Amino acid sequence: MAPHEPVRRRVISFNLEQWQAWAPGLESPADWAHWAAAPWQPDASEAQPDVAFLPPMQRRRMSRLARMVFRVATPLAEGRPAMPLVYASRHGETPRTFALLADLAQREPLSPTQFSLSVHNAIIGLWSILRGDRSEMTALAAEGDGLEHAVMEAAMLLADGADAALVVIAEDLPPTFYEPWTDDVRFPYALALLLTPGTDWTLSLGQAAENRSLPALPHALQLIRLLSGEQTHGLHHWKKRVWNWQRTH
């Protein structure tokens, strides 16, 4: 075996029934197909996803990150029974947390609402409350392969008997102060996947002999390119881990 050839460790299978994604100026499948053919960096402005379907009072309290999650996950959950949700984000509510730290530095009183919504699992708590869904829900904070860990978690839920599971990965732009340490989020984005039991897709984990160079795009965006095109497989390298996505049907 060649020294850099991945060694297969684990294989999971599932059906990917539907997906939804959002970024500034990119909402429909046609938008994403156009982007996938020749990726560009959307305007990372203060554009907000349309969540007019939410109660106005709840909308006002939500960060852009939370709105992105609801924007992509809601169409996949509508008309279906309650289902587990796995949410992954590397940076989470960093802008909200940074604002709280700034208030502390200025000796300003902290807002209990802002504080309660800054924790990493606040978004899935909002999802559970607003949809009246008491299904099992998980919030993950992972590095560059957080998407794959979220899919593995969802696959285990399916193996335990769930009829379907939602996977959502979302990242907002961190505050400018953090730019020297964060180079993995060039623009806000969110991706939701609806997984069901099946064998249309496989995801396997291998290992490389040494760390690989960082990918040009976060893998959630690379996966959108795979979903929007005709390729049947894609590799994602993160450190010494090698993930192989394979479409079998």
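A crossing of two helices is called right-handed if the near helix is turned clockwise from the far one by less than a right angle, and left-handed if anticlockwise. Keep that in mind as we walk through this predicted model.

**Two helix pairs**

Which hand does the crossing of α3 and α6 have? Seen with the definition above, the crossing of α3 and α6 is right-handed. Their axes lie 11 Å apart, at an angle of about 45°, and the two helices are therefore oblique to each other. On the α3 side, the contact is made by Leu65, Ala66, Val69, Phe70, Ala73, Thr74 and Ala77. Helix α6 brings Ile123, Leu126, Trp127, Leu130 and Arg131 to that contact.

A second pair is formed by α1 and α8, whose axes cross at roughly 105° and come within 9 Å. An angle of 65 to 115 degrees counts as roughly perpendicular, so that is how α1 stands to α8. Here Trp32, Ala33, Trp35 and Ala36 of α1 meet Leu221, Ile224, Arg225 and Ser228 of α8.

Here are the two pairs side by side:

| Helices (residues) | Angle | Axes |
|---|---|---|
| α3 (64-77) and α6 (122-131) | about 45° | 11 Å apart |
| α1 (29-37) and α8 (219-228) | roughly 105° | within 9 Å |

**A link between loops**

Side chains of opposite charge can pair when their charged atoms come close. Searching the whole structure turns up six salt bridges. One of them joins Arg90 to Glu143, with 4.0 Å between the closest N and O atoms. This pair ties together distant parts of the chain, 53 residues apart. Arg90 sits in the loop between β2 and α4, while Glu143 belongs to the loop between β3 and α7.

**On the surface**

Finally, look for Leu101, Leu104 and Leu110, which form a nonpolar surface patch. Together they have about 260 Å² of accessible area. Leu104 is part of helix α4, which spans residues 94-105.

Methods. Residues numbered from 1 in each chain as written. Predicted model: local features only at pLDDT ≥ 70, side-chain atom pairs only at ≥ 80, totals over all residues. Heavy atoms only, no water. Patch = residues over 30% accessible without salt bridge, like charges linked within 9 Å, V, L, I, M, F, W, Y side chains within 5 Å. Areas by Shrake-Rupley, 256 points an atom, 1.4 Å probe, with all protein chains shown as cover. Salt bridge = Lys/Arg side-chain N within 4 Å of Asp/Glu carboxyl O. Helix = DSSP H or I, 4+ residues; strand = E, 2+ residues; numbered from the N terminus. Axes fitted to C-alpha atoms, helices over the stretch in contact; angles between N-to-C directions. Parallel < 35°, antiparallel > 145°, perpendicular 65-115°, else oblique. Contact = heavy atoms within 4.5 Å.
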